Amino acid sequence: MPSVTITTTQVQQLLDPERKQTSVLTPFGNTILEIQGDLEIPAMEPGTPLLSPEYQFNTCKDKDTVRFGLLHISEDKKHATLYIGKKQRLLGSVVELERPLGLLRFNEATGAVDLCDIMHYKIMFKDRPLPIM
Amino acid sequence: MSVNLHSELGLAQSSGTYKLVELNDELLAELRDKESDSRLQFKSLDKEGSHVVLCSSDKTWVVRQKDHSNLSMLMREDVVDTERVLDPSACFGLPPPISDYTGYARTTYEYETIKTEGQLSLDNVPVYNGGPNFQAQEGDKPALTFEDLVNNSPTSRKEALDQWHRLAGCMVAGQACLLSATFLHKALHVTLMSVLAESMDLDAIALDGAYTAVSKDMDETFNPYSESVVETVLNRFGKVTSEPGQSPKLWSLNRTTLATWYGVFALKKYAAKTSVPVDEFMLQWKSTFPPFLTCDIDTNMLRGHFFHPQAEQLQYISRDALPGDAKERFRTLFKLQSSWDMQDLEPFIADLNTKHLKIDSFVMKYARRRKVGKNVIVTSRS
């Protein structure tokens with residue numbers, strides 16, 4: 001029977017009540033952004049002619065990235081607004097999860113599984129986008 | 001607070017590297033327990049297609065993929081290599097962004113964990129009946145140990161051990177096997193007679209002492225009641241009462257379990273073919289006990305093993321012989337006995353209640369029930 005042991009060393013420190021996630025980001029700097037439907041992000045390499053000037057290509061830790069929007073979290077950390085490009089706006093909220101979600105990282109090369117974070121909140125956009133006038 | 005959102009290029013819809021799993025209270029407690037040496041493990045019957053279970057040291061959960069139509073993007077706070085000043089019009093009147101989040105994985109499902117009962121896979125486990133020529137495995141197959149069984153079963157170690165003891169699992173010649181019911185009965189009887197003859201306390205039996213007592217009158221050439229068999233008897237009919245690490249390890253035998261075992265044996269012996277009056281059966285039941293063993297007996301202990309063909313008479317029935325189909329099972333049971341006390345009926349039908357309904361509600365689907373005093377009586381619908 002194939003089996004794999006889950007490494008939990010990293011999340012042990014998060015189980016201390018004093019280190020519990022209290023804001024959008026976990027103490028390890030992770031978060032979940034949930035959107036109804038899909039988010040279209042160009043898959044093209046930087047250097048090729050851009051589809052639209054609103055995209056900003058960049059790099060981060062040796063990986064090519066693209067800026068796709070601006071997120072605003074209200075001061076009370078309950079409401080969120082997401083601006084996609086220059087034309088769409090989504091209204092959402094920061095939701096505390098009924099059951100926390102564990103983030104599992106599967107290493108395909110070694111077969112190892114690591115429980116690397118525990119998320120208590122997610123930023124959720126349940127509604128359709130609104131146009132920006 | 002405003003944040004720039006980025007995404008890595010070419011993220012697949014559901015990346016295989018990162019997945020989300022629901023952490024229920026029990027799993028969180030397991031993770032929090034720094035004292036336990038427990039570890040979480042994913043197990044699956046094969047590499048593709050079969051259910052995956054998540055096991056801790058003492059619990060098992062089935063892992064189910066819960067799909068949703070939303071897109072979840074996993075993001076982390078990062079610093080992008082080239083900082084770009086945003087055009088004020090792109091800030092929509094908001095304060096300029098103070099940090100950057102980068103999406104590194106997308107997912108459209110979460111793993112749900114549903115508590116289940118761990119099951120030992122006993123397909124390749126032979127049955128030992130106490131014979132001298134026990135063949136561990138055919139041909140060159142390596143002998144199967146208990147640890148192999150745990151590793152090859154969708155179960156936690158503690159659940160596996162409990163089940164192993166309940167099924168009279170034993171190591172014989174380095175091979176994990178199950179003792180046959182007949183041999184287990186003989187081994188129990190011999191063990192009880194031996195420890196009672198030595199005036200041992202049934203609530204503090206040490207394995208060494210019990211094995212020495214059992215071996216006293218045995219043939220020197222072949223003794224089927226090995227130390228491992230005696231230990232299996234102690235585990236099957238008792239529980240360890242000494243503290244972990246305490247020496248010697250002590251077992252206490254459960255009188256109700258012993259009485260029930262002898263009761264079922266008596267039912268099979270005296271009431272299998274014809275019914276017997278209850279009073280007469282009680283005497284027969286007592287007569288099967290080893291001398292000097294005192295246990296309280298009550299027919300309620302044997303629920304699920306007998307029926308009343310007539311008032312004050314009882315007869316043995318094997319649950320294995322009953323039909324697997326619910327309708328057929330009820331029909332057969334009402335053929336044997338026209339009206340049942342709910343408590344007597346329940347053990348015969350409990351395995352059919354796969355949706356875990358309240359037993360009253362489940363019975364109502366196939367039979368009629370009415371209250372008579374404190375008892376619930378179940379009768380056929382027809």
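Visitor: Which strands form a hairpin, and how many residues lie between them?

Guide: In this predicted model, S17(B) and S18(B) make a hairpin with two residues between them. Gly373(B), in the turn, has a positive phi of about 65 degrees.

Visitor: How many bridges join S17(B) to S18(B)?

Guide: In general, the strands of a sheet pair through backbone hydrogen bonds, in either a parallel or an antiparallel sense. Here S17 (residues 367–372) and S18 (residues 375–380) of chain B run antiparallel and are joined by six bridges. Within that pairing, Arg368(B) stands opposite Thr379(B).

Visitor: What is the order of the strands in the open sheet of three?

Guide: The order is S13-S15-S14 in chain B, and the pairing is antiparallel. S13 (276–277) and S14 (306–307) of chain B stand at the edges with a single partner strand each, so one side of each has no neighbour in the sheet. Two bridges link S13(B) to S15(B), residues 313–316, and Val276(B) stands opposite Leu314(B) of S15(B).

Visitor: Which residues touch the most other members of the largest nonpolar core?

Guide: That core has 48 residues, and those with the most contacts to other members are Leu179(B), Ala187(B), Ala210(B), Val230(B) and Ala271(B). Domain 2 (127–253) and domain 3 (271–380) of chain B each supply at least three residues to this core. Apart from it lies another core, of 41 residues, including Leu70(A) and Leu23(B).

Visitor: What is Val230(B) in contact with, leaving aside its neighbours within four places in sequence?

Guide: Val230(B) is in contact with Thr191(B), Leu207(B), Ala210(B), Tyr211(B), Val214(B) and Tyr225(B), once those sequence neighbours are left aside.

Definitions and conventions. Residues are numbered from 1 along each chain as its sequence is written. Chains are lettered from A and ligands numbered from 1 in the order in which they are written. This is a predicted model: local features need pLDDT of at least 70, side-chain atom pairs count only at pLDDT 80 or more; totals for chains, interfaces and linings use all residues. Two strands pair if DSSP finds at least two bridges between them. Helices (H or I, at least four residues) and strands (E, at least two) are DSSP runs, numbered from the N terminus. A nonpolar core is a set of buried Ala, Val, Leu, Ile, Met, Phe, Trp, Tyr and Cys residues joined through C-beta atoms within 7 Å. A residue is buried if 20 or more other C-beta atoms lie within 10 Å of its own, exposed if 12 or fewer, and partly exposed in between; C-beta atoms are placed from the backbone. Domain bounds come from an automatic or database domain assignment. Two residues are in contact if their C-beta atoms, placed from the backbone, lie within 7 Å.
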